[in-house]
Amino acid sequence: MSPKPPRGPDMRVALAGVELANPVIAASGTFGYGVEFEEIVSLARIGAFVTKGLSREAMPGNPTPRIVETAAGMMNAIGLQNMGVRAFVEQKMPRLRKIPGAVVIANVFGFRIEDCIEVIRVLNDTPDIALYELNASCPNTSHGGMVFGTDRDLLLELTSRCKYIATRPIMVKLSPNVTSIATMARAAQDGGADAISLVNTFLSLSIDIETRRSRIANFTAGLSGPAIKPIALRMVYEASQAVSIPVVGLGGIVRAEDAVEFLLAGATAVQVGTASYADPRAVENIANNLRRWCGENNVTRVAELTGGLLI
């Protein structure tokens, strides 16, 4: 009997103890609650998806205009609009449980540590969630609006208190608007994080020269897309050198080759965000093309790419 033909590259990766079919994840804020994409994207063919940020109570978000296209990406100031964690559990999770192969990562945020803890408490009682992504880019109203992710001590406290109550692994999403991303990565790890993801958007401004006003009602916004990729790539490399926990890289990934760069820089997995606005099937396409790239380049296990950058 002739041997079976090779099955192709092994695309599986392990993220904080959770096995993913491949390392390509849909980023928070760009993929709704997952159910909105089930007829467009095969959730079984992507590694996972991250929900919109979930807060203790529903939030309407910022006034419009809150999205501006840039030369190489986009700016947004959505304001973390969401239906609230309890509505998500009641209205979205029953449908998500019925989708074969869907790996759900719940994005958690709050303006006080107690708010984040309450969201996690609700999610702890909800089956079929793989892990939590803790958004550290929110302003802490208990400390005069200082962003959790820009102060080492605040980030350490946020992470450790959320980790203490969580029944699932916690991945901390870091802000890039810091002097040393390595310092913040270590703070998350010291607080008990099981993984980190980076980078979130860069603080930015766009001015309408006719009105002489900001094009965003919120005045400033977060810059994402291909424009930030080289900076994000550098930060992922620095973070991966500073910690021993898995790193998930994001920032301007639009092709499989972009994903390969992040893996080589030290990422275990990647997230795709802004690309989904231009092509709702971008995440699945990148996952499929990454598999094809591995096959064409004799990569038998995609996990072997992680940290493969030659210095």
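The following legends describe close-up views of a predicted model.

**View 1. The closed barrel of eight strands.** Parallel pairing joins the strands of this barrel, which runs in the order β3-β4-β7-β8-β11-β12-β17-β18. From one strand to the next, the twist averages 25°.

**View 2. The pairing of strands β12 and β17.** Strand β12 spans residues 195-198 and strand β17 spans residues 247-250. The two strands pair in the parallel sense, over three bridges. Within this pairing, serine 197 has valine 248 of β17 as its bridge partner. Both β12 and β17 belong to the closed barrel, where they follow one another in the strand order.

**View 3. The largest pocket and its lining.** The volume of the largest pocket is about 1200 Å³, and 49 residues line it. Nearest its centre lie Asn76, Leu80, Asn200, Thr201 and Gly222. Two or more lining residues come from each of the elements β6 (73-76), β13 (202-204), β16 (221-224) and β18 (269-272). Strand β16 gives the most to this lining, with three residues. Strand β18 is also one of the strands of the closed barrel. By class, the lining of the largest pocket comprises 21 nonpolar, 26 polar and two charged residues.

**View 4. The second largest pocket and its lining.** The second largest pocket has a volume of about 290 Å³. Its lining consists of 13 residues, and those nearest the centre of this pocket are Pro9, Asp10, Met11, Ala21 and Arg291. The lining of the second largest pocket divides into five nonpolar, three polar and five charged residues.

Technical notes. Residues are numbered from 1 along each chain as its sequence is written. This is a predicted model: local features need pLDDT of at least 70, side-chain atom pairs count only at pLDDT 80 or more; totals for chains, interfaces and linings use all residues. Side-chain values use heavy atoms; hydrogens and water are left out. Two strands pair if DSSP finds at least two bridges between them. Helices (H or I, at least four residues) and strands (E, at least two) are DSSP runs, numbered from the N terminus. Axes are lines fitted to C-alpha atoms, for helices over the stretch in contact, and angles run from 0 to 180 degrees between N-to-C directions. On a 1 Å grid over the protein atoms alone, a cavity is a set of points where a 1.4 Å probe fits but cannot get out, and a pocket is an open set with protein on both sides within 12 Å along at least five of seven lines; lining residues have an atom within 4 Å of a point. Grid points are joined across faces, edges and corners, and a volume is the space filled by probe spheres set on the points. Ala, Val, Leu, Ile, Met, Phe, Trp, Tyr, Cys and Pro count as nonpolar, Asp, Glu, Lys and Arg as charged, and the others, Gly among them, as polar.
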